[in-house]
Amino acid sequence: MPLDSKIPSGPLAQKWDKHRFDLKLINPANKRKYEVLVVGSGLAGASAAATLAELGYQVKCFCFQDSPRRAHSIAAQGGINAAKNYQNDGDSVYRLFYDTIKGGDFRAREANVYRLAQVSVNIIDQCVAQGVPFAREYGGLLSNRSFGGAQVSRTFYARGQTGQQLLLGAYQALARQIGLGTVKMFPRTEMLDLVVVNGHAKGIVVRDLVSGQVSSYAGDAVVLATGGYGNVFFLSTNAKGCNVTATWRAYKKGAFFANPCYTQIHPTCIPVSGEHQSKLTLMSESLRNDGRVWVPKRKEDCDKAPGSIPEDARDYYLERKYPSFGNLAPRDISSRAAKEVCDEGRGVGPGKLGVYLDFSDAIKRLGKDKIVERYGNLFDMYEKITGENAYEVPMRIYPAVHYTMGGTWVDYNLMTTVPGLFVLGEANFSDHGANRLGASALMQGLADGYFVLPYTIGNYFATAKQAKPSATSAEFKQAEEATRTLTNRLLSLKGKRTPLSFHRELGKVLWEKCGMARNEAGLKEALKRIPQIREEFWTNLTVTGQAEGINQSLEYAGRVADFMEFAELLCLDALHRNESCGGHFRTEFQEADGEAKRDDQNFAYAAAWEYQGPDKAPVLHKESLVYEDVHMSTRSYK
Amino acid sequence: MNLTLKVWRQKDRNSPGRFVTCEAKNVLEDMSFLEMLDVVNEELIERGEEPFAFDSDCREGICGMCSLVINGVPHGGHRGTATCQLHMRHFKDGETITIEPWRARAFPPLRDLMVDRGAFDRIIQAGGFVSVNTGGTPDGNAIPVSKEAADASMDAAACIGCGACVAACKNASAMLFVAAKVSHLNLLPQGQAEKDRRALAMVKQMDAEGFGACTVTGSCEAVCPKEINLSFIAKLNRDYGVAILKGK
C-alpha cells in the first residue's frame, strides 16, 4: 500500500489555507449526530476534546489517571514557542518553520511543520484568553526567553511550570464542556484495544481501573492522544504511567508505526542515584540560558570539589565546540557531548556519569535574586532530590530519555492508515523529524488539538459516510474477549518475577544498545535479547490479585507486555536506518569530528512499519520526504 | 536504614480497613518515599502478597496524583514538598512510619491508600474556567496584564489539585483549593466577565460535595506542596461577598 501523505498542492505558505477551504464541512445541526472517542487528556487530547465539543460533536474522553488534569503534559517546564516576533528580533513564521525543520535534521514533513509554525501564533492568543498566567514585562506585555536551537527569543513561559499552566487551560476548557454535558469524561479508564469495523476505526475496548470491568464504546471516529513511548527505556523523565499500549494496540489493528528509532535524550536531567530509581527528573533546558556546562579538563580533577578547580582547568565543552550556540546547542548534540566527556572518564559525581551545570557566573552577573526569580522552583526541586544547594555548588546533570519523535504514522489530516483513527501530539510522528527543539512539544500538542484536528475530522465524517456500529456487534464482542483472555493469561502465569523486574531488564538492554549511541552489533544483540526476555516474561511473570477491582500490578503488567513487543520494532528501525540523524546516532555513521553523518541519498524518508502478525517481521513502507522550499543542508551549530 | 511501616489496608469502599505492619529493609537515603514503597511492594509481590495500592504518576511534584498522610501529616510535612519529592534522608534508622490515605467525606476511599478526588474536578466544572471557545480570541498582547497581577495569578495557579489541604483540615474544607482557582482567574482581566458567577458557582459545588466549613486555622497552607498562600482564602471570601451583595 503506497503511503499517501495528502499534502495539499500549491505554495508552502498557502497549503493550509487552501486545504481548509477544500475540506468538506459538517453543518452545525448535524455535528451532534457524530460521536468522537478521545483517548488521553494531555495538551493534545484535552484541547481536541474541548474544541470538538464546542463545535457541537458528542465527545467521550478517557484517561488512566484519576483526573484529566494529571496528564504528563503537566510536567513540561520551560515554555512554548510561537512566531509572534514580539521581541522584534527577526522572528517570523518562516523562521520558526525553518528552525524546526533544521532542528529535526531534515526528517520531518515540510508541510506539517509549516502549518505548525503558522498556528503557533493562535495558540498563544487562545491560552491568554483562557487565563494562562504567562510571564509578563512591567509594561503588561508578554515576556519571552530563548531556547535551544534558536537564535531569537520566541518562547512564552509561566515560570518553570509552562506545561502545567497550558494543561490547566486545556483542562479548564474540557471541564467547562463536561459541565455543559457535551463531553462525558472517563477517568481511571485505560484503553486496551482498538475496534475496527469495515476497515474503519469505530470504537475502543477499555478497562475500568476501579471496578476492573472490561467494556467497549462505539464512536464515529477515534482520536488517540496518548503520548510517547519513552518508558520503554524503563528510566525516563516520563511519568510512571506513560505507556505505548494505545498506539501499539492500534498498530496491531493496522495503524502503521513510524520512525520509532527517533528518541530524544534530554541533556539536563538529574543523574541516576541507584538501582531503586523509579524515574528520572528533568531540569528545564531553560537553565542553559544562564548555566554554563563544564567538566574538568583532567580526569584527576574529577573527584575534587568543583569550587577548587581553577577556571583554566575547566573544559566548557559546549562553548568550545559550538561557539555560536554554546550552551544552547540542540538537545541531541548537547546530550552526546556529555556522553563523550563522560566516556573519556571526565564525568563528575557518583558513578562519574554527570557533568556540571554552573550558575556562579550568572549569579555574579545578575545577582542571586534574578536567578531565584527565573529558576527558583528548579533549584528547589534539585535540592529536594539531591540534598545539594545549587546556588552554592554547581548542579550535576546527565542525559536521560525524555521525548519520542516517532509515533503512529499520520497524514496531513492527522489520520492514520486506519480510516477514522486520528493520532495527535507526541503519539504521532509528524512534526519533529529526528529531533525536537525545546518548547516545541507543547506547541505541537495544542496545535493538533485546538487548530488542526477540529478541521480535518469533519472532512472524514463528510466523505467516509460510515454508520456508527453498535457496541454490541460481533467486532466489539471479539475485541473485548481478546482483552479478557490477555488479562486472564497475565494473571494465570504465577511465575516468580514481578512486572517491574522485567521492565527494568528490558530498559537496560535498550539504554545500552539503543540509547544515545547505537551500532549494528549492539542492535543485533538487543534484537536477540528482547525476544528472550519476552519469553521469560510470558512464563515466569507473577501478577498478584484478580481481574476485578483495583489491581495496579495487572495494569503495569499489561503495559510492560506491550513494551516487550514494541522494543523490538524500535531496535529494528534503528538497525535499518544506516545513517545518523537527530536523536538517532549510529556510531558507524559519523564525520571525522564526531558529528552525525546523514545520508539524504538513501534515507530521506519516514519509515512506516506495518504489522504482519505475531512473530512475523513487519513490512517497511517509505514516505519520501520532499523538500520544496528548504534546502537540505548539513546541520551545523558551530 | 531499616524502618517499620504501619500502612492502611482497605479492599474497597465498602470493606472495613485496618493498619498492617511491615518492615522496610535496607532503605537508602537517596530513595524517594514512593521508591521506598516500590521496593516494599516488590517484596510483597515476590511473596505472592498484594502490593499496597497508592496513586502516583509524574513523581516530580507537579501532577498532584500522589497523596499519603505520613506520620499524621499530608505529604509528610516538609515545606513545599509533595510525597513523591520527599526523600528518605529525612527519616532515621529504626523509625516507625505511619502511612494513611487522605481522610475526608468528600474523598471516598477506593483501595488501601487511594481515594477518589473527583469532587475537585466537579468544582472546576462548575465554574473554574474562562468561557472562551477555541479561535477568535484577541492577540495575546491586546490586553496588557500588570506584572503584579500576572505574578499573583500564577502564585494561585500553581495549585496541583492534590487535596492535601482537605486532608490537613479538621473540617475537611476545600477552601484553599477553591480559593486558589477562583483567584487564579479572578486576578486576571480575562477572568473579570465571570468573576461573580465563578465564585458563587464554585463555592456552591464545594458545599454540595460535602467539604466542611473553613475556620482559617491555616493547616492547609502549612501542608500545601505548592505553598499556596492563605490570603487567597481572604480574596475568595471578598469575591464571594461582593457577588452576594450584588444580588447575583
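## Two packed helices in chain B

In this predicted model, helix 5 of chain B meets helix 6 of chain B through B:Val178, B:Lys181, B:Val182, B:Leu185 and B:Asn186, which face B:Lys195, B:Arg198, B:Ala199, B:Met202, B:Val203 and B:Met206 on the helix 6 side. Sorted by class, the residues of this contact comprise seven nonpolar, one polar and three charged.

Helix 5 covers residues 175–186 of chain B and helix 6 covers residues 195–208, and the two pack at an angle of about 165 degrees with their axes 10 Å apart. Because angles over 145 degrees count as roughly antiparallel, helix 5 of chain B is described as roughly antiparallel to helix 6 of chain B. The crossing of these two helices of chain B is right-handed.

## Where chain A touches chain B

Between the two chains, 64 residues of chain A are in contact with 67 residues of chain B. On the side of chain A that touches chain B, at least two residues come from each of helix 3 (43–55), helix 5 (110–130), helix 6 (162–180), helix 11 (368–386) and helix 16 (552–576) of chain A. Helix 6 of chain A gives the most, with nine residues. By class, this side of chain A has 23 nonpolar, 28 polar and 13 charged residues.

## A proline in a loop of chain A

A:Pro614 is found in the loop that lies between strand 18 (605–610) and strand 19 (619–624) of chain A. Is A:Pro614 buried or exposed? A:Pro614 is exposed, because 7 other C-beta atoms lie within 10 Å, and 12 or fewer count as exposed. Although A:Pro614 and A:Glu565 are 49 residues apart in sequence, their C-alpha atoms are 9.4 Å apart in space.

Methods
Residues are numbered from 1 along each chain as its sequence is written. Chains are lettered from A and ligands numbered from 1 in the order in which they are written. This is a predicted model: local features need pLDDT of at least 70, side-chain atom pairs count only at pLDDT 80 or more; totals for chains, interfaces and linings use all residues. Axes are lines fitted to C-alpha atoms, for helices over the stretch in contact, and angles run from 0 to 180 degrees between N-to-C directions. Helices (H or I, at least four residues) and strands (E, at least two) are DSSP runs, numbered from the N terminus. Angles under 35 degrees count as roughly parallel, over 145 as roughly antiparallel, 65 to 115 as roughly perpendicular and the rest as oblique. A crossing is left-handed if the near helix is turned anticlockwise from the far one by less than a right angle, and right-handed if clockwise. Two residues are in contact if their C-beta atoms, placed from the backbone, lie within 7 Å. Ala, Val, Leu, Ile, Met, Phe, Trp, Tyr, Cys and Pro count as nonpolar, Asp, Glu, Lys and Arg as charged, and the others, Gly among them, as polar. A residue is buried if 20 or more other C-beta atoms lie within 10 Å of its own, exposed if 12 or fewer, and partly exposed in between; C-beta atoms are placed from the backbone.
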